Amino acid sequence: MRVETILNNGTEPFTYVSYSNSPLLRKLEVFYEEYDPAEGEEAAADSQIASTYSSKIASAKEAAGGAIPVGDSGAMLLPYEHLIDPDFVESRPLLWQWDEVAEHLGIVRSLKTGYTGRPLWCLYNPATGIRNGTTFSFFATITAAGPNFTGPAHKHVSAAINYILDGSGYSIVDGVRLEWGAGDIMLSAPGWAPHGHATKDDGAVILTIQDHPLHIGMESLIWQEDIKGGPILTLGSEAGFGTNLATVQNKTTA
Ligand SMILES: [Fe+2]
C-alpha cells in the first residue's frame, strides 16, 4: 500500500531484485491493486484525513481500557478497539548503501574455519523487532567468507536462497554437492535439509534471503546447529544457540 517509483537515470539498463507479497495475496484472493495511486499533495491530503481520525481512535481505546487478566495462567481478554488499532512500528523505506555495508565485511571475512557461526551481517530493519528481519517475513544477509572457509553442517526449517555476488565455492545440501560461483543462485535449505557451505581460494560474497522471520511469527523456526546430536530448538520461542566467537576472537588477538 505504498507508492513506489523506480527510475533509471543512467545511460545503461539496470537490473534489480525485487520482493513482493502479491503472489501470496493473489492466492488468498485478496489482491488489491491501485492503477492511479495518489502522490504528492493528493497523498498528503489523504494522510490529513487519517490524522483527523486518529483522535477518535485514541478516545475509543481509552474508553475500552486495556487487557484484563483471566485466571492465573497469564491468559487475558482484550477489547475490540485494540484489534482494529494494534500497536505498530512505522515501516519506512530503508537503504543499505553498498559502500557502507562493505566497510563492515572485513571483520566477518577474517573469521576462519573452526568458527561455529556463519560469517555474515543481517540487513536488519529495526521495525521487525524480535523477528530479526529485513521485512517481517524475510531477512537478507551479506556473507563475506575468506578463502577456503568451511562452515559447519546444520539444519533449519527456513529455506535459504543464495545469490553469489563474488567468489566461488560449494555447498553440500542433503548429501548433494553443489558447485557455485559469481552470478549463480542456489537454494541451500529446502526445509530441514542438512547443509553446509565452503569457499574456494577466492572466498565469496553472498546475498542470502530466508523466510526466517515468517517462521518466528508462526513459532515454527526449528533449528539444529550441530547435526551430530546437538539440541533442536524453536528459535524466537525459547533460548537459542551460541557460537565460539569469543574464543576465536581471543585467538586472533593473542
Ligand atoms: Fe543454513
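These are my notebook entries on a predicted model.

**Ground rules.** I number residues from 1 along each chain as its sequence is written, and I leave hydrogens and water out, since side-chain values use heavy atoms. The model is predicted: local features need pLDDT of at least 70 and side-chain atom pairs count only at pLDDT 80 or more, while totals for chains, interfaces and linings use all residues.

**Entry 1, the metal.** I looked up which residues coordinate the iron ion. They are His154, His156 and His195, each through NE2, at 2.1 Å. Donors here are N, O and S atoms within 2.8 Å of the metal (3.2 Å for Na, K and Ca); water is not among the atoms, so sites may look incomplete. Along the chain the donors follow the spacing H-x1-H-x38-H. I then checked accessibility: His154 and His156 are buried. Buried means under 20% relative accessible area, exposed over 50%, and partly exposed in between, with a 1.4 Å probe and protein chains only.

The unreviewed UniProt entry marks residues 147–207 as "domain: Cupin type-2". UniProt positions are given in the numbering used here, feature names are shortened, and annotations may be inferred rather than shown by experiment. In the model this span is 0% helix and 62% strand, and its end C-alpha atoms lie 17 Å apart. Helices (H or I, at least four residues) and strands (E, at least two) are DSSP runs, numbered from the N terminus.

I listed the partners of β6, residues 160–173. Two strands pair if DSSP finds at least two bridges between them.

- β9 runs antiparallel to β6 and is joined to it by 12 bridges; Gly167 has Ala204 as its bridge partner in β9.
- β7 (residues 176–181) pairs with β6 over six bridges, in the antiparallel sense; the partner of Ser171 in β7 is Leu178.
- β8 (residues 185–187) is antiparallel to β6, with three bridges; Ile185 in β8 stands opposite Tyr163.

β6 and β7 form a hairpin with two residues between them, and Asp174 in the turn has a positive phi of about 55°.

What is the order of the three strands in the open sheet? The order is β5-β10-β11, with antiparallel pairing. β5 (155–156) and β11 (233–234) each have a single partner strand and stand at the edges, so one side of each has no neighbour in the sheet. β5 pairs with β10 (residues 222–224) over two bridges, and Lys155 has Gln224 as its bridge partner in β10.

A nonpolar core is a set of buried Ala, Val, Leu, Ile, Met, Phe, Trp, Tyr and Cys residues joined through side-chain atoms within 4.5 Å. The largest one has 14 residues, and Val101, Leu105, Leu111, Leu123 and Ile142 touch the most other members. α5 (105–109), β4 (139–145) and β9 (195–210) are the elements that give two or more residues to this core. β4 gives the most, with four residues.

**Entry 6, aromatic rings.** How many aromatic pairs does a search of the whole structure find? The search finds one. Rings of Phe, Tyr and Trp (its six-membered ring) pair if their centres lie within 6.5 Å; planes under 30 degrees apart count as stacked, over 60 as edge-to-face and the rest as tilted. The Phe14 and Tyr16 rings have centres 5.7 Å apart and planes at 25°, so the pair is stacked. Phe14 is partly exposed at 42% relative accessibility, and Tyr16 is partly exposed at 48%.
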